[in-house]
Amino acid sequence: MSVSYMTHPLIKHKISILRKKSTGTNEFRRVVEEIAILMGYEALSDLQTTEISISTPIEDTMSPVINGKNLAVVPVLRAGLGMVNGILALVPPAKIGHIGLYRDPETHKPVEYYCKLPENIDQRTIVVVDPMLATGGSAIDAVSLIKERGGRKIKFMSIIAAPEGVEALMKAHPDIQLYVGNLDRELNENAYICPGLGDAGDRIFGTI
Ligand code: PRP
Ligand code: URA
């Protein structure tokens, strides 16, 4: 597995906005989407292109295009939903799947409640999005569910990750590509990322 850590100052600046507890729901949601665009630009840099024939106002030429329908975006519910529009801003025709997982508050282990993926998932580049990679349990289960249904070319994008989560995901799924906005220090006793940003789902949707 390859892990890419984002270094762009725009991404770092926007992550600082997310971290502030004074950032309200509206701004939080907007900035999550903006970071998804910036990270998506990086994560999709190896998309296949094919040459098509087009006519410019000056002459006919061959020019590269991507087949956006070959891309599937898969948010891990709920918080991953906040990143979907960022990827769609880059590739509007992408198909969208959903994986529903929540962390049991006692065990911190993920509990699956939903999985629906686009057809022909084995032929698509799949971008799984979830802002937080903490213990890695949710990410590991999400990727396993996709693989069980035939998915192979899998990229995972998380805005903030803990070292424990990166290590666990690398060990369980060494064949995927992981993109991390920032690697934080550690997990606390409640398996929250420190310094982190709190509960991403609650901050995106304004719940408690
Ligand atoms: C959060 C987050 C990840 C998961 C990460 O979801 O969005 O899915 O926790 O934790 P892990 O790496 O330890 O599994 P949560 O369970 O809070 O659900 P929500 O998005 O519905 O709030
Ligand atoms: N999920 C979150 O939303 N935040 C954390 O810090 C850990 C898991």
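Before I name any contact, let me say that a polar contact here is a pair of N or O atoms within 3.5 Å. Please also bear in mind throughout that this is a predicted model.

With that in hand, I will begin with ligand 2. Which residues lie around ligand 2? They are Arg103, Met132, Ala134, Ala191, Tyr192, Ile193, Gly198, Asp199 and Ala200.

At Gly198, a backbone N or O atom lies 2.8 Å from a nitrogen atom of ligand 2. Taken alone, ligand 2 exposes 230 Å², and the protein buries 89% of that area. As for its location, ligand 2 sits in the largest pocket.

Let me turn to ligand 1, which also has its place in the largest pocket. The elements that each give two or more residues to its shell are strand S4 (71–77), strand S6 (98–103), strand S9 (132–133) and helix H4 (137–148). There are 16 residues around ligand 1, and those that come nearest are Arg103, Asp130, Thr135, Gly136 and Ser138. That shell divides into 7 nonpolar, 5 polar and 4 charged residues. You will notice that Arg103 is listed around ligand 1 and also around ligand 2.

How does the protein reach the oxygen atoms of ligand 1? A polar side-chain atom of Asp130 lies 2.4 Å from an oxygen atom of the ligand, and a polar side-chain atom of Ser138 lies 2.6 Å from an oxygen atom of ligand 1. Ala134 contributes through its backbone, with an N or O atom 2.8 Å from an oxygen atom of ligand 1. On its own, ligand 1 has 500 Å² of accessible area, of which the protein covers 91%.

Stepping back to the chain as a whole, we find 6 helices and 13 strands. The radius of gyration is 17 Å, which agrees with the value near 17 Å that a compact globule would have with 208 residues. The C-alpha trace spans about 65 × 40 × 30 Å along its principal axes.

As background, most residues other than glycine have a negative phi, and most peptide bonds are trans. The peptide bond from Leu77 to Arg78, however, is cis, with omega near -5°, and Arg78 belongs to the loop between S4 and helix H3 (81–90). A cis peptide bond also joins Cys194 and Pro195, where omega is about 0°, and Pro195 is found in the loop between strand S13 (193–194) and helix H6 (200–205). Asn120, finally, is a residue other than glycine with a positive phi, near 50°, and its place is the loop between strand S7 (110–116) and strand S8 (125–129).

Methods. Residues are numbered from 1 along each chain as its sequence is written. Chains are lettered from A and ligands numbered from 1 in the order in which they are written. This is a predicted model: local features need pLDDT of at least 70, side-chain atom pairs count only at pLDDT 80 or more; totals for chains, interfaces and linings use all residues. Side-chain values use heavy atoms; hydrogens and water are left out. A residue is near a molecule or strand if one of its heavy atoms lies within 4 Å of it. A polar contact is a pair of N or O atoms within 3.5 Å; within protein, one must be able to donate a hydrogen and the other to accept it, and residues adjacent in sequence count only if both atoms are side-chain atoms. Accessible areas come from the Shrake-Rupley method with a 1.4 Å probe; for residues, only the protein chains shown count as cover. On a 1 Å grid over the protein atoms alone, a cavity is a set of points where a 1.4 Å probe fits but cannot get out, and a pocket is an open set with protein on both sides within 12 Å along at least five of seven lines; lining residues have an atom within 4 Å of a point. A molecule sits in a cavity or pocket if more than half of its atoms lie within 2 Å of its grid points. Helices (H or I, at least four residues) and strands (E, at least two) are DSSP runs, numbered from the N terminus. Ala, Val, Leu, Ile, Met, Phe, Trp, Tyr, Cys and Pro count as nonpolar, Asp, Glu, Lys and Arg as charged, and the others, Gly among them, as polar. The radius of gyration is taken over C-alpha atoms; the globule rule is 2.2 Å times the number of residues to the power 0.38.
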